[in-house]
Amino acid sequence: MSMRVIFLGTAGSVPTQARSLPAVFLKRQNEQLMFDCGEGVQRQMVKAKVGFHKKMKIFISHMHGDHVLGLPGLLQTMALMDRQRKLEIYGPEGIKQFLEWVRESLQFGLTFPVEIHEVYDVGVICEEKDYTVEAARSNHVVSGFAYAFVEKPRPGKFYPEKARALGVPEGELWSKLQHGDKVKLSNGLVISPEAVLGLPRKGRKIVYTGDTRPFRGFAKFAAGADLVVHDSTFDDALGEKAELDGHSTPSQAAQQAKRAKAKKLVLTHISARYADAGLLLEQARKVFKNTVVAEDFMELELPLPHS
Ligand SMILES: [Zn+2]
Ligand SMILES: [Zn+2]
């Protein structure tokens, strides 16, 4: 199943000509997940040609304007487009009240239900059949969370000869076993999927830090991630400012990715002072080679791992 990450907004704090405010979009086969929701996100979605009617969840890292002000506009656009399907929003304490206030003062009605989940603690905050989303506390100037999208392992490779040897007739029962379900044969024998499948295959993992200084426990939280999308607001020479404002520098982000043994690092939340982000890339690559700087509308395809 293909999975694609689209960077809808990659600026830090203020938008620039080239960068919109933070939003990282994860497009799966039948669902969309979005991490943070900067102003004007619905226009970025139009430009990226992603839909407004699909099953969707939004995860807000923290209650700073550049990360949440896109929500009211997005909800309103969706209502004008007559969205019917439920929208789920996860975020720190305060997100519910914020959305209620906006809806009350702007008096806009919605055509679809909005389910708001305030996140109070770390760990699994959302569980679906084939993935979970986990939260870890970030280290910014206000409390907030980093999120990890973790795909569950997929059933291993199917061996038809093993199924035949065990007397499982080809057809529906094979398909059940391939999906990791037990089956019962007409003679009463129960066949477990492990008997005909290879070892489970690893799922994919994507970590989004939101605004943060490097934080403790990151290596474990992001361990083995296919993709780490990390705050990299200021370059290494502005380390003190990054510390003061609760952000990270490229080499800090790179060290975190390295410690977590991540496969790829994307730097984002780029300060408006960098018209050219080459400096940030150079600093990060000294520590972690497989780094890129996010650009608006950059897309990364995440193929299924083979083993
Ligand atoms: Zn921010
Ligand atoms: Zn912030």
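Which side chain meets glutamate 151 in a salt bridge? Arginine 28 does, at 3.7 Å from N to O; a salt bridge here is a side-chain nitrogen of Lys or Arg within 4 Å of a carboxyl oxygen of Asp or Glu. The pair links distant parts of the chain, with glutamate 151 in strand E9 and arginine 28 in the loop between strands E2 and E3, 123 residues apart (strands, at least two residues, and helices, at least four, are DSSP runs numbered from the N terminus). Both residues are buried, that is, under 20% relative accessible area, where exposed is over 50% and partly exposed lies in between, with a 1.4 Å probe and protein chains only.

A word on the model: it is predicted, local features need pLDDT of at least 70, side-chain atom pairs count only at pLDDT 80 or more, and totals for chains, interfaces and linings use all residues. Residues are numbered from 1 along each chain, chains are lettered from A and ligands numbered from 1 as written, and side-chain values use heavy atoms, without hydrogens and water.

Now let's visit the metal. The zinc ion (ligand 2) has His62 (NE2), His64 (ND1), His140 (NE2) and Asp211 (OD) as protein donors, 2.2 to 2.3 Å away; donors are N, O and S atoms within 2.8 Å of the metal (3.2 Å for Na, K and Ca), and water is not among the atoms, so sites may look incomplete. Aspartate 211 also coordinates the zinc ion (ligand 1), which is 3.5 Å from the zinc ion (ligand 2). Histidine 140 counts as buried because its relative accessibility is 9%, and aspartate 211 does so at 3%.
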